[in-house]
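Let's take a friendly walk through a protein chain, with the cut-offs spelled out along the way. Have your viewer ready.

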Amino acid sequence: MIKTKNLSKKYGDLVVLKDVTAEIRKGEVVTVIGPSGSGKSTFLRCLNLLETPSGGTIYINGVSLMDKSTNVAKIRQNMGMVFQSFNLYAHLTVLDNLTIGPVKLLGKSRSEAQAGAMDLLHLVGLAEKARNFPDELSGGQKQRVAIARCLAMQTEILLFDEPTSALDPTMVSEVLAVIRRLAREGMTMVIVTHEMEFARNISDRVFYMDEGIIYEEGTPQQVFENPQKEKTRAFINRIRSFTYHITSRNYDLYAMNAEIEAFCDKHMLTAQSCNYLISLAEEVLGLQSDFSDINISLSYSEKDGSLLFICESTCEECNVLEDCKREDDIGIKLIKSRCESIDYKYEHGKNILTLRVKGVSRGRGC
Ligand code: ADP
Ligand code: MG
């Protein structure tokens, strides 16, 4: 349905897309992931010619968009784009946002367009908001209206550019649920997202973009569980876990705490969970005697909500939670009270303490 061949895009000297050759089949859901600035939005915007490519070709249903004789406007109508920032018409009601395109561009009568719009509002769960203005809706509701507006144009292809990244965490799931439903109904979709668990569940294929190309692609299982290339692996691992390396007793406590907060933020863990982790790190480090090589890592599973806190220290074999004879063991008690389970092993010269943290929950970030 969509095909690009050696698609390139430059801004002055900056080469953003080098050589993107890709194919998206009818009914397929492709998610695009990758570091910020890797050209994901540019790729999407080139597909519907919101940006003019510097080179290469784009085919939609076999028709080249670069061909002078192609009716580009008509083909573009067939591709809806959902932006991070909704882009609804603020001066029109929800219903009018959905009917203006079909009336003006598809030549529908007003009543026909309204009937269609109401069906779509039912589909995205917002029929009761038909007479409201965008300002009267939450972010999640606005984004669902934006999706319905694309559908009202009877598009066959939907392009999403980080549709949930401007939303309050509590509203992400309502938007993802609508996108999931469209996927089930066989809509062809290209979705740029940083919601990795969503990408893993919804995609037929995942494109990992880096260095101006589709650096690696495959099924979600291939890309997430078994990435073949180093950069993909690094990207996937970075989002999954967090590691802070300490090399001296005078480590930068504030920098470490800030990184723990950033990790919690990324995974939308509550402020309380974040405080737990910070105090856990402080207590575990307080028990150490050798600071020459310590790694603190966090690993959160979105699937089951479990969070592992791992402390690896290179020194003599010693389980700080059991082997230390201390008069004051408040720190140890605190650690134990905050963990569901504690594992210790000594491997390759490293003490590895794995704590499964209790009471971690998601909500607003910290
Ligand atoms: P992503 O969506 O992956 O974060 P973008 O496609 O937005 O990346 O941007 C890729 C690169 O292109 C960035 O370095 C960005 O600064 C640059 N860029 C994007 N749009 C423009 C523009 N209109 N003019 C100049 N540079 C741009
Ligand atoms: Mg972007």
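The report below goes from the whole chain to its strands, a few individual residues and the salt bridges.

## Ground rules

This is a predicted model, in which local features need pLDDT of at least 70, side-chain atom pairs count only at pLDDT 80 or more, and totals for chains, interfaces and linings use all residues. Residues are numbered from 1 along each chain as its sequence is written, chains are lettered from A and ligands numbered from 1 in the order in which they are written, and side-chain values use heavy atoms, with hydrogens and water left out.

## The chain as a whole

The chain has 12 helices and 15 strands; these are DSSP runs numbered from the N terminus, with helices being H or I of at least four residues and strands being E of at least two. Its C-alpha trace spans about 85 × 45 × 35 Å along the principal axes. Of the 366 residues, 50% are buried. Here buried means under 20% relative accessible area, exposed means over 50%, and partly exposed lies in between, using a 1.4 Å probe and protein chains only.

The chain exposes about 17600 Å², and carbon and sulfur atoms supply 46% of that area. Accessible areas come from the Shrake-Rupley method with a 1.4 Å probe, and for residues only the protein chains shown count as cover. Among contacts (heavy atoms within 4.5 Å) between residues at least 6 apart in sequence, 65% join residues at least 24 apart. As for charge, the mean positions of the 44 positive and 48 negative charges are 8 Å apart. Lys and Arg count as positive and Asp and Glu as negative, while His and the chain ends are not counted; each charge is placed at NZ of Lys, CZ of Arg, CG of Asp or CD of Glu.

## Strands and their partners

In what order do the four strands of the open sheet lie? The order is β2-β1-β4-β5, with antiparallel pairing. The edge strands, each pairing on one side only, are β2 (14-24) and β5 (63-64). Two strands pair if DSSP finds at least two bridges between them. Strand β1 (residues 2-11) is joined to β2 by seven bridges, and the two run antiparallel. One residue pair to look for is L7 with its bridge partner V20 in β2.

Further along, strands β9 (residues 205-210) and β10 (residues 213-218) run antiparallel and are joined by five bridges. M209 has I214 in β10 as its bridge partner. The hairpin of β9 and β10 has two residues between the strands, and E211 takes a positive phi near 55° there.

## Two residues in helices

T42 is found in helix α1 (residues 40-47). T42 counts as buried because its relative accessibility is 10%. Leaving aside residues up to four places away in sequence, T42 touches K9, Y11, V16 and L17. T42 and L17 are 25 residues apart in sequence, while their C-alpha atoms are 7.7 Å apart in space.

K142 is found in helix α5 (residues 139-152). K142 is buried yet has no salt bridge, and the nearest side chain of opposite charge, D135, is 4.8 Å away. Again leaving aside residues up to four places away in sequence, K142 touches F86, L88, P134 and L137.

## Salt bridges

How many salt bridges does the structure hold? There are 18, a salt bridge being a side-chain nitrogen of Lys or Arg within 4 Å of a carboxyl oxygen of Asp or Glu. K350 and E312 form one of them, at 3.6 Å from N to O. This pair links distant parts of the chain, with K350 in strand β15 (residues 350-357) and E312 in strand β13 (residues 307-314), 38 residues apart. K350 is partly exposed at a relative accessible area of 25%, and E312 is partly exposed at 22%.

The side chains of E28 and R25 also meet in a salt bridge, at 3.3 Å from N to O. E28 is buried, with a relative accessible area of 6%, whereas R25 is partly exposed at 46%. Another salt bridge joins D329 and K333, whose closest N and O atoms are 3.7 Å apart. D329 counts as partly exposed at 30% relative accessibility, and K333 counts as exposed at 56%. Finally, R25, E28, R205 and E217 are joined into one network by salt bridges that share partners.
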